[in-house]
Structure formats: C-alpha cells, structure tokens
Amino acid sequence: MKASAPSTHLFDSISALMRYLELPAPLHPLVALIPSGNLRVPAEDSGDTFILSFYKVSFKIDFKGQVKYGQGYYDFEEGGLAFIAPHQRTMAMNDPQTYEGYTFFFHPDLIRNYQLGRTISRYGFFSYAVAEALFLSAKEKRVIEGLFAVMLEELQNNIDQFSQDVMVSHIELLLNYSNRFYNRQFLTRKAKYNDLIDRMNAYLSERFDTEKSPLDGLPTVQEVADHLSVSPRFLTDMLKSLTGQSTQQHIQDRLIEKAKDILSTSDRSVAEIAYQLGFEHPQSFNRLFRRKTHVSPIAFRQSFR
C-alpha cells in the first residue's frame, strides 16, 4: 500500500509515457498501440492520478478488476471500449489489473492537418464518463479486435510517406464503428435509458413545481446530468438517439408544457409565470414560448377562455 499521498502524473508526449511505463519507444512518435497485458503502472504509483495530453482508447475483451475514476470505482467486467480526450479528465489507476485487449494512444498532432482533426469533436463519446463505456457484442468485439490487429501490423512497418495517411484512416474507421455501436447500444438498452428519461422528467417536474426555480434559475444541461450521474454529452447523445432531441430541447419542451398548464389553469400574470419557472426576464420566456408554440403566452391563455 502506498504510504504517501497520491501524486499527479502529467504526460505531454507518448514517448514520455512509454518511458514511465518502462516500455519500448513507440514505433511512431505520435501513436502507440499496446497489447493490454503489457501495460502496467508501477506498483508504488498505484492510486495516483494521470493526465494525458493525447487521446486514449481502451479496448478490453476480458477484464478482472476495477478502475478508479474520481471518487468511485467502475467495474468493467463485460469489456468494451472506453475513450479519453486530451486533458479532459484525470484518470486514477488502482492496483494492476489483468485483461485482454489493447490500449491505444494517439496525439492530436497526428490528425491536426486532416479532416479528422476538425471533426473529432463530433465523436461525443470522448466526453463520456468511464461508466458510460461502450459495451460490445461478441461480433462487435471481433470487428474492433481486427481493426487493432491491422493497426498494430501497420505500425510495425517502416514509416514512409503514406504511414500517417493510413493510420489516420484506421483511426477514423475505428471511431465510425464506435459511433455505430454506441447508437446500437442506445437502442438495445432502450428500457434502461427510458428509465433514465423518466427520472429526468420527474426531476424537471419537481424543479418547476417548487420554489427553487426563481432562486436557481432555469435548469441547465449540466445540472440535469449531474442529478442523473451521467455526463452531459452522453445524456444528449442518448436522447437524440431515442427522441431526436438534445437535452436542452428536452428541458425547454418540459418547461413549455409546464407553462401551458399554469396558463390554462391559473390567473397568474405572464411575468409571474416566467419568474416561477426560473426566467430572469419575462421577455425571454415570451420569446421561447412563441418559438415553441407559434403563439404568445397571452394568446394561448385566451384560447381557453
């Protein structure tokens, strides 16, 4: 057991990380693909925090153990894919684990002058929490395993004028497959995610029904995600897959439905309703209501008289 307080390890280059892990220098300075059985954090640094300046993709086929993220532990028994973006989060590693698979690192400089460098932010799973990892079917695992095997073979070739183009193409293919598999996961685990939507709706209903709204303002995407213990990007991607709406759109729709209830059943002024729902200015409420319903709040109320 480590006697001293946990330390933070910062790595700006993949080569520096390989030296720390006592692994051979990367075959390409901007890329490293490591069979996971070879990845071991020194025992004396168990429980420390690691911050990387590059992307990390973990592919675990069979896993025994836990990974510590933040204040909790995440069991990754089923295996799958987990993604970390540069500087996005601190990652704490606990005692060495055993699993089959690959750990893939690539530096932003590798893709900077490619289309992927401009579009990688669209792959929302780099913003997911580790507990929102991609679980893979046996067939999907074979696809990903095959991609990594091809990438490993490519890295073992001598670097030439095409090496970077080929590697970037492989990465883009990996990310596109991951997008497809995540979309599948949202659909096949629909019952689980519908329960998450129900919890979100219950929270929003309570939020709009209490006296907190005037004090706390309008519910934010971050607030709702925190309440549900998921990352904001995961929540939006899940909602878009199942409902076609972003989290912000969903919050606004629930707010408008609540506003309609109050307008049709009470004599409160539009300004009072706006304040109750968390708006600082009634004009903002009026604009949102008109945009969502194509009528003003007053016109909507008059339709019930």
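# A first look at this predicted model

Welcome: the protein chain here has 13 helices and nine strands, where helices (H or I, at least four residues) and strands (E, at least two) are DSSP runs numbered from the N terminus. The model is predicted, so local features need pLDDT of at least 70 and side-chain atom pairs count only at pLDDT 80 or more, while totals for chains, interfaces and linings use all residues. Residues are numbered from 1 along each chain as its sequence is written, and side-chain values use heavy atoms, with hydrogens and water left out.

**The chain as a whole**

- Of the 305 residues in the protein chain, 49% are buried; buried means under 20% relative accessible area, exposed means over 50%, and partly exposed lies in between (1.4 Å probe, protein chains only).
- The protein chain exposes about 15,700 Å², and carbon and sulfur atoms supply 50% of that area; accessible areas come from the Shrake-Rupley method with a 1.4 Å probe, and for residues only the protein chains shown count as cover.
- Among contacts between residues at least 6 apart in sequence, 75% join residues at least 24 apart, a contact being heavy atoms within 4.5 Å.

- Strand S3 spans residues 49-52, and both of its faces are covered.
- Thr49 and Ile51 are buried on one side of S3, and Phe50 and Leu52 are buried on the other.
- In a regular strand the side chains alternate between the two faces of the sheet.
- Strand S1 (residues 8-11) pairs with S3 in the parallel sense over four bridges; two strands pair if DSSP finds at least two bridges between them.
- Leu10 has Ile51 in S3 as its bridge partner.

**Space inside**

- Rolling a probe the size of a water molecule over the atoms shows where empty space is left.
- The structure holds five cavities of 30 Å³ or more; on a 1 Å grid over the protein atoms alone, a cavity is a set of points where a 1.4 Å probe fits but cannot get out, and lining residues have an atom within 4 Å of a point.
- The second largest cavity has about 80 Å³ of space; grid points are joined across faces, edges and corners, and a volume is the space filled by probe spheres set on the points.
- Residues lining the second largest cavity include Leu27, His28, Val31, Leu110, Glu154 and Met167.
- Helix H4 (138-155) and helix H5 (163-188) are the elements that give two or more residues to this lining, and H5 supplies the largest share, three residues.
- By class, the lining of the second largest cavity has six nonpolar, five polar and one charged residues; Ala, Val, Leu, Ile, Met, Phe, Trp, Tyr, Cys and Pro count as nonpolar, Asp, Glu, Lys and Arg as charged, and the others, Gly among them, as polar.

- Ser178 sits in helix H5 and is buried, with a relative accessible area of 0%.
- Not counting residues up to four places away in sequence, Ser178 touches Leu81, Phe83, Phe125 and Leu134.
- Met200 belongs to helix H6 (residues 190-209) and counts as buried at 0% relative accessibility.
- Leaving aside neighbours within four places in sequence, Met200 is in contact with Val224, Leu228, Leu235, Leu239, Thr247 and His250.
- The C-alpha atoms of Met200 and His227 are separated by 8.2 Å, although these residues are 27 residues apart along the chain.
- Leu204 is found in helix H6 and is buried, with a relative accessible area of 0%.
- Beyond neighbours within four places in sequence, the contacts of Leu204 are Pro219, Val224, His250, Ile251 and Arg254.
- Leu204 and Pro219 are 15 residues apart along the chain, and their C-alpha atoms are separated by 7.8 Å.

**Residues in the loops**

- Ser229 lies in the loop between helix H8 (221-228) and helix H9 (232-243) and counts as exposed at 64% relative accessibility.
- Phi of Ser229 is near 60°, a positive value in a residue other than glycine.
- His294 is in the loop between helix H12 (282-293) and helix H13 (297-302) and is exposed, with a relative accessible area of 65%.
- His294 also has a positive phi, about 70°, although it is not a glycine.
- His281 is in the loop between helix H11 (270-277) and H12 and is partly exposed, with a relative accessible area of 43%.
- The C-alpha atoms of His281 and Ala271, ten residues apart along the chain, are separated by 7.9 Å.

Definitions and conventions:
On a 1 Å grid over the protein atoms alone, a cavity is a set of points where a 1.4 Å probe fits but cannot get out, and a pocket is an open set with protein on both sides within 12 Å along at least five of seven lines; lining residues have an atom within 4 Å of a point.
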